[in-house]
Amino acid sequence: MVEISPMIDYKLILSDKQYVKRELEKKGYDIEYIDALYTLLTEIRRQKTRLNELNHQRNCSSTDDSFTADEKRRLRKFIINTQKDLKALENHTNRHLLDVPNFPDPQAPIGLNAHCNVILYESDNHYICQTANPLPHWDIAESLGIMDTQAASKISGSGFSLLRGMGAKLLRALVNYGLSLNEPKYTEILPPHLVSTEALTFTGHLPKFAGEQYKCEKDDLWLIPTAEVPMTAAFAGETFSPGTLPKRYMGYTLAFRRESGASGRDTRGLQRIHEFHKVELLKIVEPKDVQSELSSLLKDCESVIKNLGLKYRLVDLCTGEMGDKYARCYDIEVYSPGVKKWLEVSSVGHFSDYQARRAQIKYVDVHGKKKFAYTMNGSGIATPRVWLSIIETYQQPDGSVRIPDVLIPFMGCDVISSEL
């Protein structure tokens, strides 16, 4: 089992507390916790020094006849108790260190809310919806008989979907397309959908965001919120040989999310559901390659949406909006004419050594020194919102839905007509 380490090197808090506070304040983190952590870490350092002194005293007592047997026993007992106290203090401190967010990339826009996000550009070469007053996807799909929300509700309650006929085939086509498009660059991994607590902790989903995850209590296993979790955990404790990075992987899995904070918000149709299909892209890189590899990863994720002919935009998320684990994050958003909203369909970003430090993923540099790798990931294709955007964008005046050209080979047809 790999020992989980906190994201941040505790020595940095001890050596430059003000720098740590300045960087984390950009994420909206309550920097008073850094003062508390500094106090805990100072006490750990004091107890370690004291323990070293006691061990030295015990070593001396073994050859010093002036120490009685009772004194030696008391010294051993005191050392054992000090070790227990130190271990408890370290566990308590590490638990809080795991809640500390990642430092933002120096190039990330600084700000604490969505108003500070930067829209880099909007696509100008996309398919134009042919319907004058576009309907939302749930109306179109229900009328075509390719989605059944009532059946899904009978099976699982709200927040789930049931696709039928060409609707199910369209989702399968999206997955196959996403995998095929990225196959030349990425090695495919088909990982387990149930993971350990350690695996979710490696990627930063635990302990802070336990409320967003589904857990199988009896087995102490969790349903994955994204393939990023098992794909990253697969390399926990691994050290890559010189010159073997970057590594590029893709994985198709189901993803499970409680979305507990989304009650009543964007919940109709497929805008926000608890279970969905997704192709994830993941890279393990050396720090020197992070910008070039992130740029190519962004292009790979963007090309999926661009080739589908959907209207989209690229958003550079500010420090307060990107989430705890990210150092830099971009969102790809598609415009759905039926719901008249921009919907995020892919988050693409790097985590610096945040995950690698937790999971002990390292590489050996050209000088033979072991260092922490950097990880990054992006949604190759998250199907629900892409599916609904296709239905709404490609709806025709006669109620049918045209198939985007790149999906025709996977669908075997160029239009979805009523199956009722």
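A cavity here is a set of grid points where a 1.4 Å probe fits but cannot get out, and its lining residues have an atom within 4 Å of a point. Keep that in mind for the first stop on this tour, and keep in mind too that the model is predicted.

**The cavity**

How many cavities of 30 Å³ or more does the count come to? The answer is one. The largest cavity has a volume of about 30 Å³. Its lining draws on several parts of the chain: Leu98, Asp99 and Val100, then Gly204, Lys208 and Phe209, and finally Asp324, Tyr354 and Arg358. Sorted by class, that lining comes to four nonpolar, one polar and four charged residues.

**Helix packing**

| Helix pair | Crossing angle | Axis distance |
|---|---|---|
| α7 (residues 166-182) and α12 (residues 383-393) | about 120 degrees | 10 Å |
| α7 and α10 (residues 290-307) | about 130 degrees | 11 Å |
| α5 (residues 137-144) and α12 | roughly 80 degrees | within 9 Å |

Take α7 and α12, which pack at about 120 degrees. Angles of 65 to 115 degrees count as roughly perpendicular and those over 145 as roughly antiparallel, so α7 is oblique to α12. The crossing of these two helices is right-handed. On the α7 side, the contact is made by Gly167, Leu170, Leu171, Leu174 and Val175, and α12 brings Thr383, Val386, Trp387, Ile390 and Ile391. If you like greasy interfaces, look here: the contact of α7 with α12 has eight nonpolar, two polar and no charged residues.

The crossing of α7 and α10 is right-handed. Tyr177, Leu181 and Asn182 of α7 make the contact with Asp300, Ser303, Val304 and Asn307 of α10. The residues of this contact split into three nonpolar, three polar and one charged.

Back to α12, this time with α5 as the partner. Their axes cross at roughly 80 degrees, which makes α5 roughly perpendicular to α12. Here His137, Ile140 and Ala141 of α5 meet Trp387, Leu388, Ile391 and Glu392 of α12. By class, the contact of α5 with α12 has five nonpolar, one polar and one charged residues.

A quick reminder before the last stop: most residues other than glycine have a negative phi, and most peptide bonds are trans.

Which bond is cis, with omega near 5 degrees? The peptide bond from Leu206 to Pro207 is. Pro207 sits in the loop between α8 (197-202) and β4 (214-216). A cis peptide bond also joins Leu245 and Pro246, with omega about 10 degrees. You will find Pro246 in the loop between β6 (239-240) and β7 (247-256).

Then there is Asp220, which is not a glycine and yet has a positive phi of about 55 degrees. To see Asp220, go to the loop between β4 and β5 (221-223).

Note on methods: Residues numbered from 1 in each chain as written. Predicted model: local features only at pLDDT ≥ 70, side-chain atom pairs only at ≥ 80, totals over all residues. Heavy atoms only, no water. Axes fitted to C-alpha atoms, helices over the stretch in contact; angles between N-to-C directions. Helix = DSSP H or I, 4+ residues; strand = E, 2+ residues; numbered from the N terminus. Parallel < 35°, antiparallel > 145°, perpendicular 65-115°, else oblique. Left-handed = near helix turned anticlockwise from the far one by under 90°. Contact = heavy atoms within 4.5 Å. Nonpolar A, V, L, I, M, F, W, Y, C, P; charged D, E, K, R; others polar. 1 Å grid on protein atoms, 1.4 Å probe; cavity = no way out; pocket = protein on both sides within 12 Å on 5 of 7 lines; lining within 4 Å. Points joined across faces, edges and corners; volume = space filled by probe spheres on them.
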